[in-house]
2 protein chains.
Amino acid sequence: MPELRFNLVTKDWVIMAPERAKRPEDFIKKNIERGELPAFKESCPFCPGNEQRTPLETYRWDRGDSWQVRSIPNKFSALTREGELTRQMDGLKRTMSGVGLHDVIIENPRHNGFPAVIADWEIKDTFQVYRELYRRFYLDPRVKMVILFKNNGAAAGTSLEHPHSQIVGTPVTPPQIRYRIEEAQKYYDDTGECLYCRILREELTGKNRIVLENDHVVAFVPYAALSPFHIWIFPKRHMASFDLLTRSEQEALALALQEILQRLYYGLDDPDYNFVLRSVPDPQGTNEHFHFYFAVVPRLTKAAGFELGSGMYINTQLPEKDAEFLRGVQLPDKA
Amino acid sequence: MPELRFNLVTKDWVIMAPERAKRPEDFIKKNIERGELPAFKESCPFCPGNEQRTPLETYRWDRGDSWQVRSIPNKFSALTREGELTRQMDGLKRTMSGVGLHDVIIENPRHNGFPAVIADWEIKDTFQVYRELYRRFYLDPRVKMVILFKNNGAAAGTSLEHPHSQIVGTPVTPPQIRYRIEEAQKYYDDTGECLYCRILREELTGKNRIVLENDHVVAFVPYAALSPFHIWIFPKRHMASFDLLTRSEQEALALALQEILQRLYYGLDDPDYNFVLRSVPDPQGTNEHFHFYFAVVPRLTKAAGFELGSGMYINTQLPEKDAEFLRGVQLPDKA
């Protein structure tokens with residue numbers, strides 16, 4: 001019989017319908033993996049030598065004589081960089097000027113340097129730039145919330161091949177973020193404990209949804225995962241903001257995210273995915289009730305009318321089986 | 001400059017980024033319209049003569065000697081029809097048995113009888129069956145909420161061609177629904193007026209987002225539409241539930257939904273879309289603060305990491321322009 005599971009973080013009910021389950025292999029849709037693309041592509045504005053085809057860079061991380069990671073303003077920015085933050089009310093209409101920051105982070109000089117196939121030091125460099133831009137974006141007084149995310153592949157919302165992430169500073173704290181933080185606060189008020197710390201403890205005891213664990217980090221498929229192979233990656237130490245990581249925690253987190261992406265890449269043949277950082281809207285936020293994390297969401301299924309109408313989700317894959325499958329993926333030896 | 005608009009119903013901020021706008025014609029993606037499919041397809045289990053290939057019907061609406069609308073249990077039901085509603089708590093885990101109802105409504109005997117191209121009496125018949133099933137589903141004591149929706153086309157989540165809708169009775173009231181109702185209640189507490197009635201009044205005064213209006217019904221593109229050509233269709237008279245419509249209101253609503261689907265079909269060359277009914281979780285719900293409606297959502301764009309991470313939306317089309325375009329679509333003369 002299908003079962004409904006409640007997601008305590010998002011307050012969503014998820015219908016687990018494993019009768020409709022596919023085998024993990026059935027999610028595999030293509031024959032070429034992104035790592036097999038050429039390392040350089042003449043027509044790609046993000047490849048080295050084509051720097052003049054992008055807007056002026058906002059940040060640059062060098063290795064030797066050349067850049068390793070660059071950030072540039074998004075050419076198709078959703079928000080405008082210049083201008084004042086203004087608000088208007090007119091009857092029921094609430095409007096704000098669309099000011100804010102929106103950068104593209106070119107993760108790597110190589111056209112095929114995808115997170116799943118690069119060296120350890122490269123993913124650590126990427127994270128160093130994530131951290132630096134995250135901190136800098138909050139210095140702009142118009143920015144209330146920084147959203148860091150990656151769209152990988154057409155089903156995840158990008159047609160650009162060259163490995164890149166995005167970072168947006170919005171002039172409001174989105175209600176979705178505030179709602180999660182408020183719910184975490186309620187749990188803390190009730191129990192005196194961080195909800196997420198408690199979840200980590202239960203997951204580490206049960207172990208059947210864990211995908212990887214090391215001294216600093218744990219990654220697992222949530223008990224009420226909204227979609228197949230959905231993964232949460234948490235620092236073990238309690239902290240509300242991404243900007244509070246120690247150097248060794250940051251490196252462990254970078255490597256953990258890379259390993260998760262590798263397990264998806266080699267296990268599900270390079271699926272399209274998004275990942276997002278979920279952190280408090282304050283880089284130095286030191287509250288006791290929120291715990292930042294990364295969510296990795298492979299785009300293997302499509303939300304339709306039922307999800308739109310109900311806000312509930314149907315997941316055909318059992319989280320325990322997904323975790324078991326991902327743990328079993330054979331990774332190539334590191335160079 | 002882009003502008004942020006606040007959606008008072010969903011409490012979402014939407015970034016209106018018309019700098020990235022396309023022309024309506026640029027959303028058109030295909031060359032064949034669904035109305036040009038054959039009227040009968042031997043291999044289709046929903047076509048007349050193939051009734052034995054579907055599960056036993058749960059309801060049937062006849063015209064003359066043959067059926068006009070049928071409903072059958074969904075073969076790939078997310079919920080199981082038999083069994084008791086049970087709940088379990090174990091540490092942080094909250095589980096419920098996945099019981100409920102999930103039917104497919106075959107709208108029409110014709111394989112190509114899509115809402116945009118059928119006769120007035122046919123769409124009225126479809127609505128009569130929607131109403132009847134909506135009422136019946138609530139008679140099951142395990143059902144807390146009934147979700148009525150349509151997935152039209154692959155981008156909207158269905159690969160079945162034959163015109164069909166779906167109706168699901170879930171054993172919980174989804175938090176998303178409860179949240180909207182609570183927000184409407186707060187507005188009522190504050191002002192003594194239904195938020196939606198107030199929105200209708202403003203829209204009918206301003207007129208620039210209205211797509212159609214008649215004695216009983218008004219349809220418009222919401223001020224803070226989450227995506228291009230998003231449309232809300234409301235009964236003008238205040239009522240919280242779909243089951244409170246008079247006969248003439250019901251017919252006017254059916255025809256209004258059809259006209260909206262026609263404007264999309266002829267204007268954007270038969271786009272994929274979802275529509276959903278948003279009504280209170282009680283067929284006789286007579287509260288003063290919620291106002292039921294249909295939402296029509298063409299699937300022309302894709303939510304990606306930004307939406308996932310922020311819960312905010314980026315809409316490249318201005319609602320005022322979308323409404324103007326839809327009003328201007330030339331419809332064929334009715335037979």
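Visitor: Which residue of E11(B) stands opposite B:Ile210?
Guide: B:Phe220 does. This is a predicted model: local features need pLDDT of at least 70, side-chain atom pairs count only at pLDDT 80 or more, and totals for chains, interfaces and linings use all residues; side-chain values use heavy atoms, with hydrogens and water left out. Residues are numbered from 1 along each chain as its sequence is written, while chains are lettered from A and ligands numbered from 1 in the order in which they are written.

Visitor: How do E10(B) and E11(B) pair?
Guide: E10(B), residues 210-213, pairs with E11(B) in the antiparallel sense over 3 bridges. Strands (E, at least two residues) and helices (H or I, at least four) are DSSP runs, numbered from the N terminus. Pairing takes at least two DSSP bridges between two strands. A hairpin of 3 residues joins E10(B) to E11(B).

Visitor: And how many bridges join E11(B) to E12(B)?
Guide: There are 4, and these strands run antiparallel. Here B:Phe220 stands opposite B:Trp232 in E12(B).

Visitor: Which residues cover the two faces of E11(B)?
Guide: B:Val217 and B:Ala219 lie on one side, B:Val218 and B:Phe220 on the other, and all are buried. Buried means under 20% relative accessible area, exposed over 50%, partly exposed in between (1.4 Å probe, protein chains only).

Visitor: What does B:Glu203 touch?
Guide: B:Arg209, B:Ile210, B:Phe220 and B:Tyr223, leaving aside residues up to four places away in sequence. Contact means heavy atoms within 4.5 Å. B:Glu203 sits in helix H3 (residues 195-206) of chain B.

Visitor: Buried or exposed, that B:Glu203?
Guide: Buried, at 5% relative accessibility. Its C-alpha atom is 9.4 Å from that of B:Val221, 18 residues apart along the chain.

Visitor: New topic. Where is B:Phe229?
Guide: B:Phe229 is in the loop between E11(B), 217-220, and E12(B), 231-235. Its phi is positive, near 60°, though the residue is not glycine. Most residues other than glycine have a negative phi. B:Phe229 is buried, with 0% relative accessibility.

Visitor: What about B:Lys11, what is its phi?
Guide: It is positive as well, about 60°. B:Lys11 lies in the loop between E1 (3-7) and E2 (12-16) of chain B. Its relative accessible area is 18%, so it counts as buried.

Visitor: Which residues touch the most other members of the largest nonpolar core?
Guide: A:Ile233, A:Phe242, A:Phe294, B:Ile233, B:Phe242 and B:Phe294, out of 174 residues. Such a core is a set of buried Ala, Val, Leu, Ile, Met, Phe, Trp, Tyr and Cys residues joined through side-chain atoms within 4.5 Å. The contacts of B:Phe294 include B:Phe127, B:Trp232, B:Phe242 and B:Leu253.

Visitor: How many residues of H4(B) are buried?
Guide: 15 of 21, so the helix is mostly covered. Just after H4(B), B:Asp269 has a positive phi of about 60°.

Visitor: What rotation superposes chain B on chain A?
Guide: 180°, with 0.0 Å of shift along the axis and an RMSD of 0.0 Å. The two copies are therefore related as by a two-fold rotation axis. The same surface serves both: 100% of the contact residues of chain B recur in chain A.

Visitor: What scores does the predictor give the complex?
Guide: An ipTM of 0.91 and a pTM of 0.94. Chain A averages a pLDDT of 94, and 98% of its residues score at least 70. pLDDT is the predictor's confidence in each residue, from 0 to 100.

Conventions
Least-squares fit on C-alpha atoms with pLDDT ≥ 70 in both.
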